[in-house]
Amino acid sequence: MMCSIKSRPVVLACVLLIVLGLASCGGGSSGSSGSGGGGGEQGGTLTILAASSLTDAFGQLGNTFEKQNPGTTVKASFGASSDLLAQIRQGAPADVFASAATEEMNTAEKDGLVSGKPEVFVKNREVIMVPKDNPANINSLEDMAKPDIKLVLAAKDVPAADYAVEILGKANKVYGPNFEKDVLSNVVSREADVRASVNRVVVGDADATFGYASDYTPDIRDKVKVIPIPPKLNIIATYPIAALKDAKEPDLAKKWVDLVTSGEGQKILKKWNFEPAAQ
């Protein structure tokens, strides 16, 4: 653009035109890629497949992520980690996978389904949950072997159920060689995932279940009671997370992993009874 500088009004007019031209060139830029997101309108939909025990924590983290990345929508699907892995193997569209056990994530990595190295971002521990009125009078892990208890568990291969069986196996050395067998003989139902098994206790259909500390959420605390498992018998669950190789939104996937592993993300996860990965 050519401008004459013979008069001040003309110079001002030229400067104005140049500024307007630069402003028009700067439109449509995306937000920065700092931890947990940044300013700017990026847009897009981030699709997450996560263990059901992460439902509440990831719900809150999703709201945080959307505020940090204006125009972005977080879409999360929760279920048993084993089921989610099967969905990924079958080509279900997703950007991030968060599992409640390393086994499923290791399989996903071995199958070439993840991008980069999975990272353990949080830990969890099992508890026993019983109805508030505790009709079966269960006050300890040992009481789970009493006859006629209606026990529900998540389905086989669901991490929460696998951990429960592992705990019972360890307890054989303390409560007798038939302890695991006696407890499992009380199982009356296997549910799709850990949240479903907890819900059976919430509605009074079962006397007890094994769940995670994170499943003891505010909305059920007036309906259930937690029975702790002796630390020496308990299992600490480790939760890995990774962006998926076929992610449609790889940049958003990286930002999500950055958020959940950041100080802000860890603070939210702690609020929902998860433990730090480094602990």
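This is a predicted model: local features need pLDDT of at least 70, side-chain atom pairs count only at pLDDT 80 or more; totals for chains, interfaces and linings use all residues.
Student: Hi! How many aromatic pairs does the structure hold?

Tutor: Hello! There are eight aromatic pairs. Take phenylalanine 65 and tryptophan 256: their ring centres are 5.5 Å apart and their planes stand at 65°, so this pair is edge-to-face.

Student: Where do phenylalanine 65 and tryptophan 256 lie?

Tutor: Phenylalanine 65 is in helix α2 (residues 55-68), while tryptophan 256 is in helix α8 (residues 250-261), so the pair ties together parts 191 residues apart in sequence.

Student: Are they buried or exposed?

Tutor: Phenylalanine 65 and tryptophan 256 are both buried.

Student: OK, and what about phenylalanine 121 and tyrosine 239?

Tutor: They form an edge-to-face pair too, at 6.4 Å centre to centre with 90° between the planes. Phenylalanine 121 sits in strand β4 (residues 114-131) and tyrosine 239 in strand β9 (residues 236-244), 118 residues apart.

Student: Buried or exposed, those two?

Tutor: Phenylalanine 121 is buried, with a relative accessible area of 1%. Tyrosine 239 is buried as well, at 0%.

Student: Switching topic: how do α2 and α8 cross?

Tutor: Their axes come within 11 Å and cross at roughly 120°, which makes α2 oblique to α8. The crossing is right-handed.

Student: Which residues make the contact?

Tutor: From α2, Phe58, Leu61, Gly62, Thr64, Phe65 and Gln68; from α8, Leu252, Lys255, Trp256, Leu259 and Val260.

Student: And what kinds of residues are they?

Tutor: The contact of α2 with α8 has seven nonpolar residues, three polar and one charged.

Key: Residues are numbered from 1 along each chain as its sequence is written. Side-chain values use heavy atoms; hydrogens and water are left out. Rings of Phe, Tyr and Trp (its six-membered ring) pair if their centres lie within 6.5 Å; planes under 30 degrees apart count as stacked, over 60 as edge-to-face and the rest as tilted. Helices (H or I, at least four residues) and strands (E, at least two) are DSSP runs, numbered from the N terminus. Buried means under 20% relative accessible area, exposed over 50%, partly exposed in between (1.4 Å probe, protein chains only). Axes are lines fitted to C-alpha atoms, for helices over the stretch in contact, and angles run from 0 to 180 degrees between N-to-C directions. Angles under 35 degrees count as roughly parallel, over 145 as roughly antiparallel, 65 to 115 as roughly perpendicular and the rest as oblique. A crossing is left-handed if the near helix is turned anticlockwise from the far one by less than a right angle, and right-handed if clockwise. Contact means heavy atoms within 4.5 Å. Ala, Val, Leu, Ile, Met, Phe, Trp, Tyr, Cys and Pro count as nonpolar, Asp, Glu, Lys and Arg as charged, and the others, Gly among them, as polar.
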